[in-house]
Amino acid sequence: MSLPYEANMTRIGTFTAGVDLSDHQYKAVMLSTAADDSVIPPSGQGAMCIGILQNAPKAGSKADVCVFGITRAVGGATVTRGARVTANGADGEIGAASSGDYVLGVLTQGTADGVEQSMFVNPQFVPLA
């Protein structure tokens, strides 16, 4: 596999970690319903995520989130380059999107479980048909 890379990212660094996200760097996050401007791990497979976490904040610390562009992401399954991807589960790793899932982006490099590779983040807020 190729080395992961990042390019032309739009990042929002003013979110707050709603929980301890110190082991969540380069994984998907979603908005919390408990507090304004806070992010948390996905609620499960195919959840509506807003982007990929760029740092590793403790609860209450600033969370830097890539909401558009090419970033590193941790795979949660074997997925081929060019596949539409979503949160693979509550751990925030990336997996192939299927019907009913919210698409978070497209892989620019193939990945496997636990492997960090690159993806184009472009959240879709309508579930995949």
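Let's begin at Phe 120, which is partly exposed, with a relative accessible area of 27%. Quick note on terms: buried means under 20% relative accessible area, exposed over 50%, and partly exposed in between, with a 1.4 Å probe and protein chains only. Before I go on, this is a predicted model, so local features need pLDDT of at least 70, side-chain atom pairs count only at pLDDT 80 or more, and totals for chains, interfaces and linings use all residues. Residues are numbered from 1 along each chain as its sequence is written, and side-chain values use heavy atoms, with hydrogens and water left out.

So what does Phe 120 pair with? With Phe 68: the ring centres are 5.2 Å apart and the planes sit at 75°, so that's edge-to-face. For rings of Phe, Tyr and Trp (its six-membered ring), a pair needs centres within 6.5 Å; planes under 30 degrees apart are stacked, over 60 edge-to-face, and the rest tilted. Phe 68 is in strand S5 and Phe 120 in strand S9, so the pair ties together parts 52 residues apart in sequence. Strands, by the way, are DSSP runs of E, at least two residues, numbered from the N terminus. Phe 68 is partly exposed too, at 37%.

Now the core. A nonpolar core here is a set of buried Ala, Val, Leu, Ile, Met, Phe, Trp, Tyr and Cys residues joined through side-chain atoms within 4.5 Å. The largest has 16 residues, and Ala 28, Ile 52, Ile 94, Leu 104 and Met 119 touch the most other members. Strands S2, S5, S6 and S9 each give two or more residues to it. There's also a second, separate core of 10 residues, including Ile 50 and Val 65.

Buried or exposed? Glu 93 is at 12% relative accessibility, so it counts as buried. Leaving out residues up to four places away in sequence, its contacts (heavy atoms within 4.5 Å) include Lys 27, Thr 86 and Asp 113.

S6 and S7 pair in the antiparallel sense over 3 bridges, where pairing takes at least two DSSP bridges. Thr 86 stands opposite Gly 95 in S7. The hairpin has 6 residues between the strands, and Gly 92 takes a positive phi near 85°. S6 also pairs with S8, antiparallel again, over 2 bridges, with Arg 84 opposite Val 106.

Key. Helices (H or I, at least four residues) and strands (E, at least two) are DSSP runs, numbered from the N terminus.
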